[in-house]
Amino acid sequence: MEYKLKNCSIEEYPKLIDFIKKYWKKDHIFVLSKEMFDFQHYDFINNEYHFAIGVNPETNEIDGICGIIPLSHYDPDLEKYNETWGGIWKTRSDVQNDGIGLLGLELFEFFDNYASHGGFGMSKIAYRFFKRKGYQMCVLNQYYILNETIIDFEIARIPTSYMSNVTIRNSKFTIQEIEDIETIDMSSINNCYWPRKSKTYLINRFKHHPIYKYMFYGVYCADILKNILVIRKNVVKENNVLRIVDVFGNLAGTPNLYFEFQRLLKHHGSEYIDLMNFGIDESIFTTMGFEVLDPDGDLIIPNYFEPFEQRNIVLEGAYRSDKPYTFFRADADQDRPNVLPNKL
């Protein structure tokens, strides 16, 4: 049997959500919030969804799905780079026919139409599939700076034997909040990382997010804007942490910013600030004042907050690209809500 493979139409949206509910997760945020689903997957130009579906020609049911997130979804001008990330990838296990075995592969091959493709935090099955397809496999490093004024940590777990390895230096660089990202002149920024992003991407992906509230901070040398840090605050009861979920600009050559990050932590009353990345040399972050988390160590810098889990997490990724590739925390199908706002 040959499946009909296509992008999900507006009319097929109920069937797609029903598939996610039945065969992926019944209380997935896409099931609970059409607004969130549309934000990530609705193609307003073509009036369809960036979601590949495999339709059974005999039953007219959806037997497989594959989420697609082109970076041009957040800025149409990025279409010239033709880059994408992946979302949910799933076929039904309760269907038996001569085509279902190939359906997952056929859906995955939608990504062959793009110049690059990547994802992380995937299932074990998806990880094995990426590997068999010849993708480059990777692990994201996690970096952190603890608030030096806090003694009793509730979100992080700091062993009594902890000794900081940070080298502290003064520099002429400062970190300043950007009140309105839309008014900022970004011409001084070296936009060097792949996949390519843009000012419009930052606005649509972060400023216009329907649920999360993101903050933008600029890294300045004198009055020259060098980088933009996209930061989100995670709150657990009476405590909070700051997470750098994306970076726009070239971090190479950035000096020690330890005192600037301490000022930011004290301003927000945060236990720590962290960042997850693949593709940028570790020494760049340690020079900035970060420490590298040992995921197998006693020091805990949590990654899961919905629901909160006080444990370290290893995030594995995969990518196909002819460019030097980078991942940040908010890339792909990551840093999105798992619960509705009134439950956050």
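Local features require pLDDT of at least 70 and side-chain atom pairs count only at pLDDT 80 or more, whereas totals for chains, interfaces and linings use all residues of the predicted model. Residues are numbered from 1 along each chain as its sequence is written, and side-chain values use heavy atoms, with hydrogens and water left out.

The largest pocket has a volume of about 1,200 Å³. A pocket is an open set of points on a 1 Å grid over the protein atoms alone, with protein on both sides within 12 Å along at least five of seven lines; a cavity is a set of points where a 1.4 Å probe fits but cannot get out; lining residues have an atom within 4 Å of a point. Grid points are joined across faces, edges and corners, and a volume is the space filled by probe spheres set on the points. The lining of the largest pocket has 45 residues, and Gly121, Met122, Tyr304, Gln334 and Arg336 lie nearest its centre. Helix H5 contributes the most to this lining, five residues. Helices (H or I, at least four residues) and strands (E, at least two) are DSSP runs, numbered from the N terminus.

Beyond residues up to four places away in sequence, Met122 is in contact (heavy atoms within 4.5 Å) with Tyr127, Phe130, Glu316, Gly317 and Ala318. The C-alpha atoms of Met122 and Trp89 are 9.2 Å apart, although 33 residues separate the two along the chain.

Two cavities of 30 Å³ or more were found in a search of the whole structure. The largest cavity, of about 80 Å³, is lined by 14 residues, with Gln40, Tyr74, Arg205, Ala332 and Gln334 nearest its centre. Helix H3 (residues 34–41) supplies the largest share of that lining, three residues. The second largest cavity holds about 60 Å³ of space, and its lining includes Asn191, Tyr193, Phe248 and Asp331.
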